[in-house]
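Dear colleague,

I am handing over the structure we spoke of, and I would be glad if you could look through it with the notes below at hand.

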Amino acid sequence: MHNKSTRPTPYVQSRLSEVITCTAATQPPPATFPAYESLGSTVRINWTDPTLSGGLFEKIVGCLLQIERPHSVRVRPSQGDGGIDIFDPTDDGRIDVYQLKYYPNVLQWSKISKSLKRLSEGNELGREVRDWYLVVPKQPTPTDAKNLLDLDSEVSFTARWYAEDALTKLAAAHPEVGEYYLGDGRSRLERLIVDWDACTQRLISGESPHIEDVHQKLTDIADALGRNDPHFEYGVEVQPVRHAGPIAVEKTRAVAMSSTSDGRHVVSCYVYPRFRGAEVEAGDRLNFRLQLTTEAGQRVADLMSFGGQPVELSTTDIVDYTLPKVGHQIPAEANIAMRVVPYVDTTPATIRVIATPPGGSPVVDRFTRRSVTAGDAGATSTWKSSNGWMELFLVARNEALTAVANFKPCIDFGRPIRAGGVDFELLRAFQPGTTVGLALGHGPLEPMAAGIELSEEFVEPELIALLDALRVIQTFTTDIVTIPDQLTTRDAIEVVELAALLAGIET
């Protein structure tokens, strides 16, 4: 029996180009590193040079790997990566994992072993690992090779090397990454943006009367931007003014969009991420300074702290602004109106929910985070139980040192009831007198758990008994019985009777 909900899943916008920050747009010029050598169309990076820090190593390698595997996901270190820095979904439902370790001299095998073994015990994604790659800036010695081989024999997946030779090939295949992080790449992008602005100004002023010439020039600049930008790709579109309308649906994946008109044509530029999370990696380029009215600033502050509906800002709400110099093609004299949405972090994390009924044994269920909207004053997060039966909403306020937890049954649960597992036991335990606590995803339970006692029923005992009956009946039939979204006890009785009839069982 499946609960096949037809209610649509809400769409959450999370484009960083629409997120307001208070960081100044002006960035210091990149330092010139002796580790870097530009060789025309290729790049050579000395991965073990002491001027190449661990943080810079992770940025460069992470960018290279994600360009090569655009559907991969970068796991943010602040959430505890659990042996995963980047994971790439495979066709068979598993994942390949890349663990980045900046050990330019001696590999620290105790830490490597700890990460690998922790991953072998399970990961927060709930996905089976196919291959695990140790990404390091040096070639393995014979002793290193033996150490990894020994670790490989202790885990269920394959542990592989991704060492200096593989990184060298990757850097040569994508020279724009080395140019951007270690060379003249950022300045080159800024010069191309200046060319773009000059070209559009000639169009507006009438110095370039033929739109065909301007279109070709802008297309050439967009191509050059795409070749030199490790984070974004660029597209150009020209439309007659009378046919130019709102942004088409297929354009909504763009992280930035701007338009210029000469009165007869509208020239638009779209900026797209090259890989998942590219807008996060290039966040410093998307920062802009914005001064709002007091009322508008409070609306944005509330949004960024606790989420909610997008905030529409008109020209009357914006007192002053400075736009980014790289990544946008917005004329400096443009009138700006903005739609601000909260940044939603969807990288994985887990917590454990511990329900201890009176006189009973604790039931522990692992909830995976689906999203978090964080700000200076607190955060709002949503979590889903291990088998998808329940959702948990947490609202934390830093100043008051309070957190509000709200459990709800999932409306999009579409799996057999017998797959409920620990979720079902948690539902059964959510009765008056039960103590519910939250703990970290790893480590001891009790020291980190803060418990509250339930005073009301989460699910009626009669409904739990009926769901229990459905679990038993399901072992006798393969027929699908749809369970309504709004399920009363009377509805559940009818579902049980129908399921029993299909299975040939008396009730």
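The notes that follow go through the sheets, the helices and the nonpolar cores in turn.

Please keep in mind throughout that this is a predicted model.

I begin with the five-stranded open sheet, in which the strands are ordered β3-β4-β5-β6-β7 and the pairing is mixed. Its edges are formed by β3 (73-74) and β7 (158-162), each of which pairs on one side only. Strand β6 (residues 129-135) runs parallel to β7, the two being joined by five bridges, and within this pair Y133 stands opposite R160 in β7. Helix α3 (residues 142-152) packs on this sheet, where it touches β6 and β7, and its direction makes about 155° with that of β7.

There is also an open sheet of three strands, in the order β8-β10-β9, with antiparallel pairing. Here the edge strands are β8 (232-240) and β9 (256-261), each pairing on one side only, and neighbouring strands are turned by 15° against each other on average, direction ignored. Between β8 and strand β10 (residues 265-273), which run antiparallel, there are nine bridges, and Y234 stands opposite V271 in β10. Helix α6 (residues 185-205) packs on the sheet and touches β8, β9 and β10, its direction making about 30° with that of β9, while helix α7 (residues 211-228) lies across β8 and β10 and runs at about 165° to β8.

In helix α4 (residues 164-173), the buried residues are A166, L167, L170 and A171; seen down the helix axis, the buried residues of α4 fall within an arc of 135°, so they line one face of the helix. As a general point, an α-helix has 3.6 residues a turn, so residues three or four places apart point the same way.

Finally, the largest nonpolar core has 50 residues, and those with the most contacts inside it are W47, I60 and Y162. Helix α1 gives the most to this core, with eight residues. Leaving aside neighbours within four places in sequence, I60 is in contact with I45, W47, L52, V177, Y181 and L182. Apart from this core lies another, of 24 residues, among them A355, L394, F407 and L427.

With best wishes

Key. Residues numbered from 1 in each chain as written. Predicted model: local features only at pLDDT ≥ 70, side-chain atom pairs only at ≥ 80, totals over all residues. Heavy atoms only, no water. Buried < 20%, exposed > 50% of the residue type's maximum accessible area, 1.4 Å probe, protein only. Helix = DSSP H or I, 4+ residues; strand = E, 2+ residues; numbered from the N terminus. Arc of directions from axis to C-beta. Pairing = 2+ DSSP bridges. Axes fitted to C-alpha atoms, helices over the stretch in contact; angles between N-to-C directions. Contact = heavy atoms within 4.5 Å. Core = buried A, V, L, I, M, F, W, Y, C linked by side-chain atoms within 4.5 Å.
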